[in-house]
Amino acid sequence: MNARRARTTMVLACFALVAGACGGTQPSSNPTSPSPQPVASSPPPVSSPPPVPSPSAEAVANPAPILKGHTYRPDLPPPEDFVAVIDNPYMPFMPGTRTVFEGVSDGERERNVVSVTDRTKVILGVTTTVVHDQVFSANGDLAEDTFDWYAQDRFGNVWYFGEDTAEYANGEVSSTKGSWEAGVGGAQPGVVMLAQPTVGQSYHQEFLRGEAEDVGTVVAIDARVTVPYGSFDRILVTEDTTPLEPQILEHKFYAQGIGVVLERVLRGGQEVSRLVSYTPPS
């Protein structure tokens, strides 16, 4: 959903899938369960009218559905239906949280640091939380610098309102491709985590034609995984694809109480990024 994914920033790695504890805080053993198999996602619709807040006061199971042949029109709640704190169990973005990932991209090792800031940005009347995502090369040089904008509605869905991203080369900005903001130039918000994810649900994570068209599908809710930070069970797995790079298929693994613990490309590359450090808000 940012320039980092568009660059396919992770390498395929083999590692044990093991039993763990719920909430992503207890260890587990017996690494026997295989990774979930990919599930095909439907392509996104073909046009992008400005998003319109939904007049409905009731929760929508999937407010950013993928409906083949239909115009994408997210069921965006009005601003008053958004809450101040993002505390979805699979994507808790509490200010002060810091996660660190390590992996390999294009044959080179890299380090990814994600920090949830106390900054906010108002988009389409919604106060979003600013999340700072930085990618560093093996020698410590800044490779990408991104500010993402997220907000959670009162039903528990986590919405993605855009990003301001830049790639660096020799200390200078080399590209800002992938940047977008909901409500600007036809861009529309998407959902990056559903309030009640169930296997088979597909949804738009973002939408700006030709720039940001990632979609996700829930493929498992009870997987097991081990990363350098620890072992987890009750893992939610999503399959992420984009028509902009149809050859690439990626799985993301979410642990309750932490969020993403693993990102792995299954097709179109050999990339992986694994959680090595998690610091909760103080």
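This report describes strand pairing, salt bridges and aromatic contacts in a predicted model.

## Strand β17 and its neighbours

Strand β17 spans residues 259-267 and is mostly covered, with seven of its nine residues buried. On one side of the sequence, β17 pairs with strand β16 (residues 249-255) in the antiparallel sense, over seven bridges. Within this pairing, Y254 has V260 of β17 as its bridge partner. The two strands β16 and β17 form a hairpin with three residues between them, and G257 in the turn has a positive phi of about 85 degrees.

Strand β17 is also joined to strand β18 (residues 272-279), here by three bridges and again with the strands running antiparallel. In this second pairing, E263 stands opposite S273 of β18. The hairpin of β17 and β18 has four residues between the strands, and G268 takes a positive phi near 90 degrees.

The structure holds five salt bridges. Among them is the contact between K252 and D240, whose closest N and O atoms are 3.7 Å apart.

Another salt bridge joins K177 to E211, with the closest N and O atoms 3.5 Å apart. K177 lies in the loop between β9 (172-175) and β10 (180-181), while E211 lies in the loop between β13 (206-207) and β14 (215-227); the pair therefore ties together parts that are 34 residues apart in sequence.

The accessibility of the two partners is as follows. K177 is exposed, with a relative accessible area of 52%, whereas E211, at 34% relative accessibility, counts as partly exposed.

## Aromatic pairs and a charge over a ring

The count of aromatic pairs comes to seven. Y160 lies in strand β8 (residues 158-169) and W180 in strand β10, so the pair ties together parts that are 20 residues apart in sequence. Y160 is buried at 0% relative accessibility, and W180 is buried at 4%. Y160 and W180 also belong to one aromatic cluster with F93 and Y150.

A stacked arrangement is found for Y229 and F232, with 6.4 Å centre to centre and 15 degrees between the planes. In this pair, Y229 is partly exposed, with a relative accessible area of 36%, whereas F232 is buried, at 1%. A contact of another kind involves K121, which lies over the face of W149, at 5.1 Å from the ring centre.

Key. Residues numbered from 1 in each chain as written. Predicted model: local features only at pLDDT ≥ 70, side-chain atom pairs only at ≥ 80, totals over all residues. Heavy atoms only, no water. Buried < 20%, exposed > 50% of the residue type's maximum accessible area, 1.4 Å probe, protein only. Pairing = 2+ DSSP bridges. Salt bridge = Lys/Arg side-chain N within 4 Å of Asp/Glu carboxyl O. Phe/Tyr/Trp six-rings, centres within 6.5 Å; stacked < 30°, edge-to-face > 60°. Lys NZ or Arg CZ within 6 Å of the ring centre and 35° of its normal.
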